[in-house]
Amino acid sequence: MENGQSQAIGAWRGVSFAVARIDVLAAEDDLLVVGMLQKDMAGAHRGGADAVDHALHGTLSRLREGGIFTSGFGETLMLTRPAPPIRAATLMLIGTGTALGGNPEAVGNLTGLAMRAALQIGAASVACLLGWSELYLPDALVAPCAAAMMRGALAAIDAHDGEAYPMKWTFDIRNGAAEPAIAAFREALAAWR
Amino acid sequence: MLTRTSSGRAPARVTAPIRILLVDDHMLLREGVRAVVSTQTDMEIAGEASSGAEAIDAYARLLPDLVLMDLQMADMSGLEAITAIRTAAPDARIIVLTTYSGDGRAIKALRAGAMGYLLKASLRNQLLEAIRSVYHGGKHLDASVATAIALHVLDEDLTEREVSVLTLAAWGNSNKQIAARLELSEETVKGHMKALFAKLGANDRTHAVTIAAKRGLIEL
């Protein structure tokens with residue numbers, strides 16, 4: 001993965017977790033997961049989806065506007081073989097609805113959805129840019145959201161019908177709140193064991 | 001980077017395999033897909049059909065988890081079959097597997113209820129990936145098709161009359177002949193031509209036919 005410096009978090013049933021500042025254009029993973037809002041809201045930062053959409057010359061926003069992918073909460077769209085400059089083998093868009101911000105349970109559920117998809121397609125490396133850059137999280141919610149994301153991923157692994165196999169899963173970190181998030185990821189993983 | 005999924009490994013399954021109905025009028029294609037699916041433990045071919053009518057019948061009889069549907073078939077188009085299946089079974093999960101990369105057919109198929117659209121040139125693991133993700137409720141598009149869709153999804157659609165006019169033009173009919181065939185005045189046909197030139201960004205009728213055929217807006 002061509003991302004910012006990666007920090008290992010730990011592993012669970014064959015899935016090794018790390019955190020990094022994910023560069024959506026440089027990530028060469030099997031699967032790049034990006035959250036997308038249902039509509040552009042005044043002043044809202046679209047983060048990863050915005051960067052991908054820009055790189056794909058507005059494809060994502062036009063698909064959404066045309067009703068092909070509405071970005072409703074939990075709606076998913078896989079795009080195989082996205083055009084350069086996207087390097088990931090498959091791009092997975094996850095609809096985050098209209099107001100995901102600050103709801104750890106919702107973020108956790110969507111992370112579980114992404115993990116299930118990754119397991120189903122047999123991805124060996126995943127970059128998950130689902131929430132952080134989409135949300136203006138108050139400091140108090142950074143750790144609960146990180147913990148919920150980790151729990152969502154772990155629950156999906158446990159629920160998977162099949163044997164574990166090696167996968168590298170990277171959560172995106174940014175917003176200047178990396179340390180509390182990393183600590184929360186680690187604590188949630190330790191508590192799960 | 002770790003090993004890519006092109007290894008085609010199948011997650012070991014404890015639950016029942018995904019039952020697939022394969023619809024294509026070319027036996028060789030069906031054999032190829034069957035061979036790919038047979039290597040996977042989490043999916044199986046539940047049945048095959050070589051026409052749209054057979055597909056509708058087979059769907060009702062087999063109730064598969066997922067349909068792989070060709071678009072171009074002799075008796076009934078895949079689009080009509082998708083519409084019929086989804087009318088009878090609104091939750092039917094259908095992936096179009098086609099040679100057509102134009103946006104016209106893709107948009108129609110997705111609006112008819114298809115949840116995936118793949119090209120027959122797709123790699124083996126892309127097909128398997130699509131089957132798994134659509135089975136679990138997601139949508140799956142070849143990215144080149146998604147790009148083509150995005151370019152035109154917000155355009156104004158051609159009307160049925162405009163499609164009829166352009167199809168007749170594609171077969172070499174003059175405006176006068178088109179007017180006679182459709183029982184319209186020649187002026188009305190000219191009006192339709194002007195409107196569809198504008199919608200397609202075409203300079204003349206040949207250009208319009210070329211664009212529409214390439215995008216899958218008319219059948220030739």
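## Burial of B:Leu71

A residue counts as buried if 20 or more other C-beta atoms lie within 10 Å of its own. In this predicted model, B:Leu71 has 25 other C-beta atoms within 10 Å and is therefore buried. The residue sits in the loop between strand 3 (66–69) and helix 3 (78–88) of chain B.

Which residues are in contact with B:Leu71, leaving aside its neighbours within four places in sequence? They are B:Ser77, B:Gly78, B:Leu79, B:Val96, B:Thr98, B:Tyr100, B:Arg105 and B:Ala109. B:Leu119 is 48 residues apart from B:Leu71 along the chain, and 11 Å separate the C-alpha atoms of the two.

## Domains of chain B

The domain assignment divides chain B into domain 1 (15–152) and domain 2 (160–215). Taken over C-alpha atoms, the centres of domain 1 and domain 2 of chain B are 32 Å apart.

## Strands 1 and 2 and helix 2 of chain B

Strand 1 (18–23) and strand 2 (43–49) of chain B pair in the parallel sense, with 6 bridges between them. One of the paired positions joins B:Ile20 to B:Ile45, its bridge partner in strand 2 of chain B. Together with helix 1 (residues 27–38) of chain B, strands 1 and 2 of chain B form a β-α-β unit that is right-handed.

Helix 2 of chain B covers residues 52–62, and its buried residues are B:Gly52, B:Ala55, B:Ile56, B:Ala58 and B:Tyr59. The elements covering these buried residues include strand 1, strand 2, strand 3 and helix 3 of chain B. Just after helix 2 of chain B comes B:Leu63, which has a positive phi of about 45°.

## Strand 6 of chain B

In a regular strand, side chains alternate between the two faces of the sheet. Strand 6 of chain B is covered on both faces. B:Lys139 and B:Leu141 are buried on one side, and B:His140 and B:Asp142 are buried on the other.

Within chain B, strand 6 pairs with strand 5 (residues 116–119) in the parallel sense over 2 bridges. B:Gly116 is opposite B:His140 of strand 6 of chain B. The path from strand 5 to strand 6 of chain B runs through helix 5 of chain B, and this β-α-β crossover is left-handed.

Strand 6 of chain B also pairs with a strand of chain A. The partner is strand 4 (residues 76–80) of chain A, and the pairing is parallel over 4 bridges. Here A:Leu79 is opposite B:Leu141, and A:Thr80 is opposite B:Asp142.

## The contact between chains A and B

How many residues of chain B are in contact with chain A? There are 30, and they meet 36 residues of chain A. Three elements of chain B, helix 5 (124–135), strand 6 (139–142) and helix 6 (143–152), each supply at least two residues of the side that touches chain A. The largest share comes from helix 6 of chain B, with 6 residues.

By class, the side of chain B that touches chain A consists of 13 nonpolar, 10 polar and 7 charged residues.

Notes:
Residues numbered from 1 in each chain as written. Chains lettered and ligands numbered in written order. Predicted model: local features only at pLDDT ≥ 70, side-chain atom pairs only at ≥ 80, totals over all residues. Contact = placed C-beta atoms within 7 Å. Nonpolar A, V, L, I, M, F, W, Y, C, P; charged D, E, K, R; others polar. Pairing = 2+ DSSP bridges. Buried ≥ 20, exposed ≤ 12 C-beta atoms within 10 Å, placed from the backbone. Domains from an automatic or database assignment. Right-handed = clockwise from strand over helix to strand, strands pointing away.
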